[in-house]
Amino acid sequence: MSVDLSHLLAQYRPHALLPDDERIQWIQRDRWIHYSRAEHVLDRLTALLNCPPRNRMPCLLIFGSTGMGKTQAVQKFVRDHRSSFDETAGRTTLPVVTIQMPPAPHERDLYEEIMVAMGGVLVMGLGITTLRHRTRVLARQLGVRMIIIDEIHSILPGTFREQRIILNAIRFPLYASARTMRNRLS
Ligand SMILES: Nc1ncnc2c1ncn2[C@@H]1O[C@H](COP(=O)(O)OP(=O)(O)OP(=O)(O)O)[C@@H](O)[C@H]1O
Ligand SMILES: [Mg+2]
């Protein structure tokens, strides 16, 4: 018996014929849906990424209610600016690094998150100065130009001093020409 799928776009008809479990899995996958606000956010992020190196790099705070699509927009931006490998130079370039703010505002946790996001090797027991230095060196080697911190509000449970240290760490010129993105929830 043939099924009438004329109500579906041609490219999706094969999916409708998959076995139930595969079809349901396919339906439940994450997908990016364009809408004007998200487009605007992506344009702003792209403009920031293309901003030439300056003494004071601009930054952007994205805020919105939970479930508004902040993380989705950031992930889409990261997918559009993936790492690339230059075969001639034998060099990997990673323009955008995205991390989630650790649950508590500790400088060490922040650098470790950034290290992991850059694919660096974490050595246990390193002093904070060495860790910071290694993070900067790797970021420079990879040509990091932007850091996106999701869930930046996680600094709020820290003490005033801890919050100041983290804010200074973010402001610190960690990467030669990097700009810092702060993605905050309201
Ligand atoms: N552009 C989009 N395309 C498709 N689905 C989306 C999009 N934006 C949001 N969604 C849907 O909404 C859900 C919530 O989005 P997201 O996790 O980005 O919200 P958020 O603003 O980061 O929330 P929170 O503040 O709680 O972290 C996603 O899991 C996804 O299902
Ligand atoms: Mg989110």
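**Helix α3.** I began on the outward side of helix α3, where Ser36 and Arg37 are exposed (exposed meaning over 50% relative accessible area, buried under 20%, and partly exposed in between, with a 1.4 Å probe and protein chains only). The model is a predicted one, in which local features need pLDDT of at least 70, side-chain atom pairs count only at pLDDT 80 or more, and totals for chains, interfaces and linings use all residues. Residues are numbered from 1 along each chain as its sequence is written, chains are lettered from A and ligands numbered from 1 in the order in which they are written, and side-chain values use heavy atoms, with hydrogens and water left out.

Turning to the buried residues of α3, I found Ala38, Leu42, Leu45, Leu48 and Leu49. They cover an arc of only 120° around the axis, so they sit on the same side of α3; the arc is that of the directions from the helix axis to the C-beta atoms. Helices, as I list them, are DSSP runs of H or I with at least four residues, numbered from the N terminus. I then checked the length of α3, whose 14 residues (36–49) reach 20 Å from first C-alpha to last, close to the 20 Å expected at 1.5 Å a residue, the expected span being 1.5 Å times one less than the number of residues.

**Helix α7.** For α7 I noted that Gln163, Ile166, Ala169 and Ile170 are buried. Seen down the axis of α7, these residues fall within an arc of 125°, and therefore line one face of the helix. On the other side of α7, I recorded Phe160, Arg161 and Arg171 as exposed. The 12 residues of α7 should span 16 Å at 1.5 Å a residue, and the end C-alpha atoms are 16 Å apart, in agreement.

**α5 against α7.** I next looked up how the axes of α5 (residues 107–117) and α7 (residues 160–171) meet: they come within 9 Å and cross at roughly 35°. The axes are lines fitted to C-alpha atoms over the stretch in contact, with angles from 0 to 180 degrees between N-to-C directions. Glu107, Leu110 and Tyr111 of α5 make the contact with Ile165, Ile166, Ala169 and Ile170 of α7, contact meaning heavy atoms within 4.5 Å.

**Cysteines.** Searching the whole structure for disulfides (cysteine sulfur pairs within 2.5 Å), I found zero. Cys51 is in no disulfide, and the nearest cysteine sulfur, that of Cys59, is 11 Å away. I noted Cys51 as buried, with a relative accessible area of 11%, and Cys59 as partly exposed, at 39%.

Key:
Helices (H or I, at least four residues) and strands (E, at least two) are DSSP runs, numbered from the N terminus.
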